[in-house]
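Subject: A structure to look through

Dear colleague,

Please find the structure below, and keep it open while you read the notes that follow it.

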Amino acid sequence: MSLQRKDLLGIQDLSVEEIALILDSAESFKEVSGRDIKKVPTLRGKTVVNLFFEPSTRTRTSFELAAKRLSADVINFAVSASSVSKGETLLDTARNIEAMQADFIVLRHPMAGAPNILAKLLRASVVNAGDGGHEHPTQALLDLYTLREKKREFKGLRLAIVGDIAHSRVARSNIYAFTKMGAEVRVVGPPTMMPLEVERLGVRVFYDLDEGLRGVDVIMMLRLQVERQGPGMILFPSIREYARLYCLTPARLALAAPDALVMHPGPINRGVEIAPEVADSRSSVILDQVTNGVAVRMAVLYLLSGGQ
Amino acid sequence: MFHGRFFYAHESRLMNANNAERTVMDAQEISRALTRIAHEISERSRGAAQVALVGIRSGGVHLARRLAARLTEIEGTAVPVGTLDITLYRDDLNARKEQPVLRKTEIPFDITDRTIILVDDVLFTGRTIRAAMDGLMDFGRPAEIQLAVLVDRGHRQLPIKATYVGKNLPTALEETIDVCLEENGETDRVVILA
């Protein structure tokens, strides 16, 4: 089977078979990344444009490496340096990029649905690298990959996602991803960070971290997005209080299953949502996630290039 | 059945399922051919100490293992075997509607300064072998690359020649060659589908 689509916009509309295909293909690309010569000629002559309207180092670098290891040419468009600050619309920016014969546009945008609009209007393949509070599909795919590598099976796996669920596209994509693959998903956080009716996505809600962690096989900590706090939005009284209630400490980690794994999409805030001892512990697979991210993004670019 | 463009030999059986078949090699002939090739490898490389086999997915994998077993028997020392998936090195990725499924490459030894013998079931256009050589070079710098195939059916589109051939089999372009092996749950035989 093959990925019969031009774009990767979200996990929500992917089938279990498509997800499995991406993960299987990523295994071969991980092997490529382990070689002395970390490059294959597969996308030679193709152009990948990273169009980022929000700051990001990790995701952009990961996509850049993925494209380069497939021998594609990569161009990075950062918002502050681009003509967007001169009043150009998203679509005009994208059309200009496409006019330069780009084959892939990797888009990060603060507005949910921005990649969907571009995907409809452009010939190039669009890969969603995070759109507002909507989805971050390649993050969920690399999380799935990392877990499959460590735990083999998704069925019956208990996953707790902890933090600001309401503002997190990582949480949303992972809820879709892990429930689709048959895992049991819990979301844990203060009520101010819990989206309304989140249960309808098939998850169990916990407001108490200790209770939410009991017996889980995987803990996914989300970064406390302090930038979401502002005069109009107060989600928690202080970082100190948040850390006291929702920081993953060694004592709390001990409540989970003995072989539980700790994940984090990065960047981590030591001492806020995750204690340094936990982030550096043997349970942590945070750096494996980063390694696997390149392989998964190579797989996505490779598979989408067939659907163009 | 021929699609107007070349196709890689290992895809041929998928394209041609229901036609009349004629057996051109039986189990014993396959076995003798492999034994002869093993002896030729041993003779040519003076003891096979620096030899390693790399089977090309998917048709060459089992044949490479069988050859390695025979070589080990002849030489008394184990001969390393690897597996190479050439998908990422194909020259028709842009022309295809959908991407071929990737399989794993596993070369658990350093190929640098070794004599690497690529193994495939059918040598046809030569494009698979071109891709395999490019792929192999990304793993190191072998002292030499040789090619062993069970069947050479002609119709080369690239200047590539096998070092060891089980059987030369002149074919028409529209015929397909099917190599059936025990490892895949079939009786060992090579059939030609017209």
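In strand S4 of chain B, Thr115(B) is the bridge partner of Val51(B), and this belongs to a parallel pairing, over five bridges, of strand S2 (residues 51-56) with strand S4 (residues 115-123) of chain B. Two strands are said to pair if DSSP finds at least two bridges between them, while helices (H or I, at least four residues) and strands (E, at least two) are DSSP runs numbered from the N terminus.

Before going on, please note that this is a predicted model, in which local features need pLDDT of at least 70 and side-chain atom pairs count only at pLDDT 80 or more, whereas totals for chains, interfaces and linings use all residues. Residues are numbered from 1 along each chain as its sequence is written, chains are lettered from A and ligands numbered from 1 in the order in which they are written, and side-chain values use heavy atoms, with hydrogens and water left out.

The pair S2 and S4 sits in an open sheet of five strands in chain B, with the order S3-S2-S4-S5-S6 and parallel pairing. Strands S3 (81-84) and S6 (164-168) of chain B each have a single partner strand, so they stand at the edges and one side of each has no neighbour in the sheet. From one strand to the next, the twist averages 25°, where axes are lines fitted to C-alpha atoms (for helices over the stretch in contact) and angles run from 0 to 180 degrees between N-to-C directions.

Helix H2 (residues 27-44) of chain B lies across S2, S4, S5 and S6 of chain B, running at about 150° to S6(B). Helix H3 (residues 59-75) of chain B also packs on the sheet, touching S2, S3, S4 and S5 of chain B, and its direction makes about 155° with that of S2(B); contact here means heavy atoms within 4.5 Å.

Chain B as a whole has four helices and eight strands, and buried residues (under 20% relative accessible area, with exposed over 50% and partly exposed in between, using a 1.4 Å probe and protein chains only) make up 55% of its 194 residues.

In chain A, Val106(A) is found in strand S3 (residues 104-109), and it counts as buried because its relative accessibility is 0%. Leaving aside residues up to four places away in sequence, Val106(A) touches several others, including Phe52(A), Phe63(A) and Val127(A).
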